[in-house]
Amino acid sequence: GFMAVHLWAKFWMAAWRGRRTLTWMTGVVCFLVAVIEAFTGYLSQTNFDSQWIAFESKDAFNGAGIGAVLDPMNFGQALMLHIALLPLALTAFVVFHVLLV
């Protein structure tokens, strides 16, 4: 919630202008990685709702052309993304974003 409020507040303050463009872009990347992190965490619940979302999102991933790389039906892949890769990427981008501020 906070990231979305922060993103919109900085957008409406025009914080993306001038030399702050890189700071804005790293913030947007942080937000997108956090959304993917939340999605993989939701898939890791393995209840009926998360299985249904995984099944339905498979079509969206195939339509976007990334279905061969990311498979929401593969529980092991979603769990590894959730606990290993995405937290490292998010931490790195957040640190870089804060250093730019």
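I counted seven aromatic pairs, taking rings of Phe, Tyr and Trp (its six-membered ring) as paired if their centres lie within 6.5 Å, with planes under 30 degrees apart as stacked, over 60 as edge-to-face and the rest as tilted.

The model is predicted: local features need pLDDT of at least 70 and side-chain atom pairs count only at pLDDT 80 or more, while totals for chains, interfaces and linings use all residues. Residues are numbered from 1 along each chain as its sequence is written, and side-chain values use heavy atoms, with hydrogens and water left out.

I located Trp 8 and Phe 11 in helix H1 (residues 2–12), three residues apart, about one turn of the helix; helices are DSSP runs (H or I, at least four residues), numbered from the N terminus. I then noted that Trp 8 and Phe 11 belong to a cluster linked by ring pairs, together with Trp 12, Trp 16 and Trp 24.

Next I looked up Phe 39 and Phe 61, a tilted pair with 50 degrees between the planes and 5.9 Å centre to centre. Phe 39 lies in helix H2 (residues 21–43) and Phe 61 in helix H3 (residues 48–64), so the pair ties together parts that are 22 residues apart in sequence.

For accessibility I used relative area: buried under 20%, exposed over 50%, partly exposed in between (1.4 Å probe, protein chains only). Phe 61 is buried at 18%, whereas Phe 39 is partly exposed at 24%. Phe 11 is also partly exposed, at 31%.

Definitions and conventions
Helices (H or I, at least four residues) and strands (E, at least two) are DSSP runs, numbered from the N terminus.
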